[in-house]
Amino acid sequence: MATKVNGDGRKPPSAATNLIAGGGAGMMEALVCHPLDTIKVRMQLSRRGRQPGMPKRGFLRTGVEIVRKETPLGLYKGLGAVLTGIVPKMAIRFTSFEWYKQLLADKKTGMISGQGTFFAGLAAGVTEAVAVVTPMEVIKIRLQAQYHSMADPLDVPKYRNAAHALYTVVKEEGFGALYRGVSLTALRQGTNQAVNFTAYTYFKEWLRVWQPQFEGGNLPSWQTTLIGLVSGAMGPLSNAPIDTIKTRLQKTPAEPGTTALQRISRIAGDMFKQEGVHAFYKGITPRIMRVAPGQAVTFTVYEYLKEKLEKSGPAVLTGSRYEE
């Protein structure tokens with residue numbers, strides 16, 4: 001099914017609109033959902049499956065152990081790195097998606113096919129992964145992987161905060177360490193946003209067909225939240241193994257004399273031999289619980305802020321060209 005590049009008939013949002021609306025949506029999503037991401041990372045890094053007879057440590061038990069040993073603030077480890085990168089990440093995601101849609105749309109009719117929407121989302125995900133997400137993920141995971149108690153001032157971790165982690169990683173491992181796992185991150189973000197934007201676009205178009213009174217405007221917030229929730233859950237289900245391997249790759253320093261492909265192959269091989277196939281899906285529950293509501297929050301806040309900015313903001317926010 002082909003859809004209009006802008007299904008509501010309005011001009012494409014400007015880069016300024018995407019910066020403010022996307023950044024606001026991303027900050028809200030991070031504040032609400034970051035604890036689930038920390039639990040996901042801890043589950044993915046767990047080697048519990050290697051020890052026969054040990055009970056499985058599921059989502060709830062992992063969260064309870066973090067709170068008990070590291071205080072509730074332990075669930076927010078790495079939040080600083082996320083908040084630092086979330087505004088450019090969301091601005092790049094929405095701006096590049098709109099740009100790629102314009103590029104892939106039929107020049108005569110202004111329509112874009114489902115395949116075009118999929119590839120626009122794929123390209124937007126890869127763009128944000130290379131520009132922002134990979135360095136942000138490396139720092140975030142290093143912070144989340146630390147098991148120190150945030151209530152004990154004598155329990156000093158290697159990385160004290162996002163800025164210190166960035167400085168330490170670059171000093172000890174070089175600037176290239178910030179891009180460890182960039183291929184897997186690009187693959188994960190690309191598939192996430194391809195599935196996410198395609199599903200969201202189709203759901204929104206179908207709801208507008210069934211409810212013509214909303215043509216040319218926003219859907220009710222609860223409907224945007226619902227379709228954002230459903231479309232957000234589809235990405236993690238499609239690429240869970242990629243995300244688990246990426247997390248383990250980014251957690252540890254590189255080994256001299258080994259290529260990225262060799263490290264990825266070794267990590268995947270060790271996981272399969274020592275922990276079984278299920279190891280590739282560790283953290284899938286908190287990841288879905290984090291990404292799905294996260295996308296629901298992101299789309300709802302983004303659509304709301306975009307509408308407010310376009311109605312009341314200066315001309316720079318409502319222009320049809322990104323250069324304005």
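Contact here means heavy atoms within 4.5 Å. Keep that handy for the exercises below, which all use a predicted model.

**Exercise 1. Around Y302**

Task: Leaving aside neighbours within four places in sequence, find which residues Y302 is in contact with.

Solution: Now look at the core: Y302 is among the residues that touch the most other members of the largest nonpolar core, along with F94, F97, F197, I227 and F299.

**Exercise 2. Who builds the core?**

Task: Work out which elements give two or more residues to the largest nonpolar core, and which one gives the largest share.

Solution: The core has 22 residues. Two or more of them come from each of α1 (15–45), α3 (79–104), α4 (114–144), α6 (182–210) and α9 (284–312). The largest share belongs to α3, with seven residues.

**Exercise 3. Two ring pairs**

Task: Take the pairs F94–F299 and Y202–W206, and say how the rings in each are arranged.

Solution: A pair of aromatic rings is described by the distance of the centres and the angle of the planes. The count comes to 11 aromatic pairs.

- For F94 and F299, the centres are 6.2 Å apart and the planes make 80 degrees, an edge-to-face pair. F94 sits in helix α3 and F299 in helix α9, 205 residues apart, so this pair links distant parts of the chain. Both residues are buried.
- For Y202 and W206, the centres are 5.8 Å apart and the planes are at 65 degrees; angles over 60 count as edge-to-face, so this pair is edge-to-face. Both lie in helix α6, four residues apart, about one turn of the helix.

The cut-off for buried is under 20% relative accessible area. Y202 counts as buried because its relative accessibility is 15%, while W206, at 36%, is partly exposed.

To finish, F94 and F299 also belong to one aromatic cluster with F97, F197, Y200 and Y302.

Methods
Residues are numbered from 1 along each chain as its sequence is written. This is a predicted model: local features need pLDDT of at least 70, side-chain atom pairs count only at pLDDT 80 or more; totals for chains, interfaces and linings use all residues. Side-chain values use heavy atoms; hydrogens and water are left out. A nonpolar core is a set of buried Ala, Val, Leu, Ile, Met, Phe, Trp, Tyr and Cys residues joined through side-chain atoms within 4.5 Å. Buried means under 20% relative accessible area, exposed over 50%, partly exposed in between (1.4 Å probe, protein chains only). Rings of Phe, Tyr and Trp (its six-membered ring) pair if their centres lie within 6.5 Å; planes under 30 degrees apart count as stacked, over 60 as edge-to-face and the rest as tilted.
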